[in-house]
Amino acid sequence: MKGLTKWTDTIVAIATPPGLGALGIIRLSGSEAVGVVNALFPSKDLAKQASHTLHVGFLQEGETVLDEVVVSLYKAPRSYTGEDIVEISCHGSPYILQQVVHACIQQGARLATQGEFTQRAFLNNKMDLAQAEAVADLIAADTEAMKQTAMRQLRGGFSHDLDNLREQLINFAALIELELDFSQEDVEFADRTALQELITSLKAKISELVSSFKLGNVIKNGVSVAIIGKPNAGKSTLLNALLNEERAIVSDIAGTTRDTIEETLNINGVLFRLIDTAGIREHTTDVIEQIGVGRSLAKMREANVVVYLFDVQDTDTHAFQQQIGLLEKDGLIYLPVGNKADSKPLASLQKEYVHDDIIFLSAKDKTNIQQLKQALYDIAVGGTINTESTIVTNARHHAALLKIHESLQDIDAGMQENLTSDLLVLDIRRCLHYLSEITGRIEVDRDILGTIFGKFCIGK
Ligand code: GDP
């Protein structure tokens, strides 16, 4: 862990996004942060000012005025990083910001690396690792659901859950270890039935967290959707109707850039990505013949959900059934959608095409588009998202939770087999190790930290 950041260094970075803005903020952290800015701020001695105060004045390099700024002071340990932090609000010209950063470097600061402010916050115990990761998620959030889950994690909701589990396991281990101390005397301090119950409940809780990742993944990465169908079924028209109201905003902050996305859609706070529909369109001259082969199938397989769009004027019942059969055979999650429903009465359509989940709509008239959106949402989310409960969105956490579950299974099996305390303790320790890995309570591998903080933007 040491060596990741040089403790004595004072770091500097532009904290606002590149480009023109009304304001631009430069942030410094470290023992010399106040000293560095003080040397550029002749109007008062910042070292003598109280923490959490603002100071207006000119920032100067010798006689040259760099900008008129507002300096905010946060003295250690009451700051984001736990070190002295100075933030300089400048006018938002990239030129001015560069000049100010340069001047800070001249005074002894060094450029921060990605995520270094948050890394310092973690190393100074201002937050645990899961909370630090939530900072990156919050910055990258582009839907309400993502914001809510990141916020909960940042506030320590997830860490709190894990701490609870950890505490119970430590108590358990203590009892078992006590037995160990007295093993010569053949005493059983630990009430094995109570311990068994504890392990069962821990396993249930971990299982719950593990399975929440399915939804967490949907929240974090969105749901990919492919709209397939014969030419002229109305795919482009449907795409436009879907995108009409709510074109989603997608961030391209380092580490959050997703695969090439053509169009995204925000349905009830969840991101839906309409993947490479052009590619499928191109390769689907006759869906029925092409569906089992080649690229279109590969593209479809990339999708979490396939919307099979057919023209009710042009698709007979037989062709429809055949198509559905192929989709089923491929094991795809699909939604059959009958387009151009404006051309026939609904009752006759419902009689003609028999399928439980079919949606009839008119892409042209934009009728029943909402029903399609709701169906997509239901397939992906299956109910309302309860952001009050912990939803695991992070693959690293998910992997650790799987290992925790595995070691709980081993403890469970050990108990069933009446394993001796010394062996049980080993499994419990392993379980505790994985739990601590999530929050970073134990020494976390340097590479892991590098990967986590490398996903941040500079200045955070
Ligand atoms: P694509 O080849 O699957 O992308 O199909 P298009 O979206 O280009 O539509 C093909 C034709 O069907 C166009 O002339 C559309 O105006 C027409 N069309 C699309 N949706 C509807 C609909 O809901 N009702 C009717 N009557 N025509 C539609």
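**Helix packing, ligand shell and model confidence**

The axes of helix H5 and helix H7 (residues 192–221) approach to within 8 Å and cross at roughly 120°. In this predicted model, H5 and H7 are therefore oblique to each other, and their crossing is left-handed. On the H5 side the contact is formed by Ala-145, Met-146 and Thr-149, which meet Gly-216, Ile-219 and Lys-220 of H7. The residues of this contact of H5 with H7 comprise 3 nonpolar, 2 polar and 1 charged.

H5 (residues 144–154) also packs against helix H4 (residues 129–140), with an angle of about 155° and the axes 8 Å apart. An angle over 145° counts as roughly antiparallel, and H4 and H5 are therefore described in that way. H4 passes H5 in a left-handed crossing. From H4, the residues in contact are Ala-130, Gln-131, Ala-134, Val-135, Asp-137 and Leu-138; their counterparts in H5 are Met-146, Lys-147, Ala-150, Met-151, Gln-153 and Leu-154. By class, 8 residues of the contact between H4 and H5 are nonpolar, 2 are polar and 2 are charged. Met-146 of H5 takes part in the contact with H4 and in the contact with H7.

The ligand is surrounded by 15 residues, of which Gly-234, Lys-235, Ser-236, Thr-237 and Lys-364 are the closest. Helix H8 (residues 235–243) supplies the largest share of this shell, with 3 residues. Classified by residue type, the shell around the ligand contains 8 polar, 4 charged and 3 nonpolar residues.

Confidence was examined for the model as a whole and along the chain. The model has an ipTM of 0.99 and a pTM of 0.73. For the protein chain, the mean pLDDT is 84, with 85% of the residues at 70 or more. Among the elements of the protein chain, strand S5 (residues 85–91) has the highest confidence, at a mean of 98, and helix H9 (residues 277–282) the lowest, at 43.

Methods: Residues numbered from 1 in each chain as written. Predicted model: local features only at pLDDT ≥ 70, side-chain atom pairs only at ≥ 80, totals over all residues. Axes fitted to C-alpha atoms, helices over the stretch in contact; angles between N-to-C directions. Helix = DSSP H or I, 4+ residues; strand = E, 2+ residues; numbered from the N terminus. Parallel < 35°, antiparallel > 145°, perpendicular 65-115°, else oblique. Left-handed = near helix turned anticlockwise from the far one by under 90°. Contact = placed C-beta atoms within 7 Å. Nonpolar A, V, L, I, M, F, W, Y, C, P; charged D, E, K, R; others polar. Near = placed C-beta within 6 Å. pLDDT = per-residue confidence, 0-100.
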